[in-house]
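Work through these exercises with the sequence and the 3D structure open. Each task is followed by a stepwise solution.

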Amino acid sequence: MEKITYYCQKCRAANDPGEVNCWQCGTRLMLVVFPPSVRHEEGIVPSFYEDHLLERVSLLELRLAQVTEQLAMAYEFIQREIKSFQRDHVLMQSFFETLERVNPDFSELLSRECIEIYGEKNAIRANEDKKLLELREILGRHENPQTELFTHLVREGIRLLEEDEEKQGFRTLDRAVLLSPKNAPLLVFIAKKQFGAEKFDEARENLEKAFEIAPHDPQILLLLGVLYADRGMAEKARKLLSVLANDPQTAVCVNLIWGVLAAFEENWTESLAALKESLGKNDIPEIHYLIGSVYYQLGRRKSAIRHLKKAIEEDLRFSDAWFMLSLIYQSLNRTEKAKQARQAALEAREAGAQCLEFLKRENEILPEKALPFVHFNRENKRLLSQGSLRLNKFFRENIFKAVE
């Protein structure tokens with residue numbers, strides 16, 4: 001008769017049938033060698049296949065015991081951390097309650113600063129995760145040989161850009177593109193950096209290449225549509241942006257750009273509808289200012305005053321909004337209010353405001369169009385990236401927010 005080995009579930013030592021504890025480690029043996037139906041029948045002997053199954057089950061029991069032990073350790077660790085957190089929370093709560101009784105103003109300031117620091121750390125962590133995800137996507141799309149060189153160039157280019165070495169950084173990333181010309185994520189990454197650095201023509205070239213590779217990518221559609229709109233290429237811009245008009249993440253930005261394009265074409269009714277759609281139920285001073293300026297073009301002075309006042313309520317240092325308000329009051333022969341609004345525009349001293357070139361003139365020369373649309377008539381016009389510094393920054397922030 002072939003002897004059947006009875007394996008220990010812990011140390012896997014071979015034991016004789018009928019043993020209760022392992023001879024090597026002393027562990028209580030968990031397996032039943034013979035099934036209940038044949039346990040008392042002497043003529044039946046388990047086959048080799050049954051022996052193999054017993055060995056496998058022993059190994060599974062060992063793994064189960066290990067997992068159980070690890071779970072118990074994890075549970076114990078979590079319990080310890082919870083108790084530690086509760087103690088820290090009670091300590092901090094007592095500290096702030098005491099501080100609030102002693103010095104309420106300092107307590108409020110400290111609480112606000114703690115919240116700001118926590119928010120900044122979360123933002124930094126999210127930004128790092130995003131960078132890592134972008135890098136993985138770029139490297140994952142590389143199909144050609146020389147992977148090590150490509151990886152080095154991409155990492156080095158990103159490092160140079162982070163250290164504000166833009167010229168060298170873009171040159172390094174261009175070398176990476178030569179090794180991976182069909183890498184759409186890399187082209188989009190470079191284009192976004194070029195857009196942020198106001199290298200709009202270079203960004204458009206890279207996005208056009210990326211569009212040929214991935215024509216349905218929302219980032220490419222939005223950024224390329226924005227760059228076409230900036231150059232006044234309305235038909236091309238609308239073709240790309242219309243795809244994103246119903247997406248909640250991009251709808252606000254798309255309607256904003258749509259409103260500017262309609263204003264460029266002097267379709268003031270369409271511009272007004274698009275800008276109002278972009279504003280929604282929010283109180284954004286820049287959009288209120290644009291809506292007020294469109295109402296000014298339509299000759300609806302009272303509506304223009306209402307939106308310009310809302311823009312000023314949100315930001316008292318909004319020079320261009322004050323100036324547009326002064327123009328409307330002047331057209332209504334409300335001289336005193338026009339002077340007050342003009343003086344407020346001067347005192348605000350907002351850097352990059354469009355009204356400054358008119359305020360500095362001795363003779364009172366009024367712009368032919370509302371202030372945010374004056375530069376539309378220039379030869380080398382850019383609809384979004386020219387004009388006031390405030391609107392330029394506002395457009396870029398909204399575009400990047402929609403892209404992310």
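This is a predicted model: local features need pLDDT of at least 70, side-chain atom pairs count only at pLDDT 80 or more; totals for chains, interfaces and linings use all residues.

**Exercise 1. Summarise the protein chain.**

Step 1. The chain has 16 helices and 2 strands.

Step 2. Of its 404 residues, 40% are buried.

Step 3. Take contacts between residues at least 6 apart in sequence. Of these, 49% join residues at least 24 apart.

**Exercise 2. Which residues touch the most other members of the largest nonpolar core?**

Step 1. Apply the criterion: a nonpolar core is a set of buried Ala, Val, Leu, Ile, Met, Phe, Trp, Tyr and Cys residues joined through side-chain atoms within 4.5 Å.

Step 2. The largest core holds 72 residues, and Leu-222 and Tyr-289 touch the most other members.

Step 3. A second, separate core has 19 residues, including Ile-138, Leu-161, Leu-187 and Ile-190.

**Exercise 3. Describe the cavities and their linings.**

Step 1. On a 1 Å grid over the protein atoms alone, a cavity is a set of points where a 1.4 Å probe fits but cannot get out; a pocket is an open set with protein on both sides within 12 Å along at least five of seven lines; lining residues have an atom within 4 Å of a point. Points are joined across faces, edges and corners, and a volume is the space filled by probe spheres set on them.

Step 2. There are 2 cavities of 30 Å³ or more.

Step 3. The largest cavity has a volume of about 80 Å³. Its lining has 13 residues, with Pro-372, His-375, Leu-383, Leu-391 and Phe-395 closest to the centre. Helix H16 (residues 389–403) gives the most, 3 residues.

Step 4. Sort that lining by class: 9 nonpolar, 4 polar and no charged residues. Ala, Val, Leu, Ile, Met, Phe, Trp, Tyr, Cys and Pro count as nonpolar; Asp, Glu, Lys and Arg as charged; the others, Gly among them, as polar.

Step 5. The second largest cavity has about 50 Å³ of space. Helix H7 (218–230) and H16 each give two or more residues to its lining. H16 gives the most, with 4. The classes are 7 nonpolar, 2 polar and 2 charged.

**Exercise 4. Describe the second largest pocket.**

Step 1. Its space is about 280 Å³.

Step 2. It is lined by 15 residues; Glu-134, Glu-137, Val-188, Lys-192 and Gln-219 lie nearest its centre. Helices H2 (104–140) and H5 (184–196) are the elements that give two or more residues.

Step 3. By class, the lining has 7 nonpolar, 1 polar and 7 charged residues.

**Exercise 5. Is Arg-390 buried or exposed?**

Step 1. Arg-390 lies in helix H16.

Step 2. Its relative accessibility is 16%, so it counts as buried.

Step 3. Leave out residues up to four places away in sequence. Arg-390 touches Glu-286, Asp-315, Arg-317, Phe-318 and Glu-350.

**Exercise 6. Check the phi values of Glu-198 and Asn-333.**

Step 1. Most residues other than glycine have a negative phi.

Step 2. Glu-198 has a positive phi of about 65°. It is in the loop between H5 and helix H6 (200–213), and is partly exposed at 44%.

Step 3. Asn-333 has a positive phi near 60°. It is in the loop between helix H13 (319–331) and helix H14 (335–348), and is exposed at 66%.

Definitions and conventions
Residues are numbered from 1 along each chain as its sequence is written. Side-chain values use heavy atoms; hydrogens and water are left out. Buried means under 20% relative accessible area, exposed over 50%, partly exposed in between (1.4 Å probe, protein chains only). Contact means heavy atoms within 4.5 Å.
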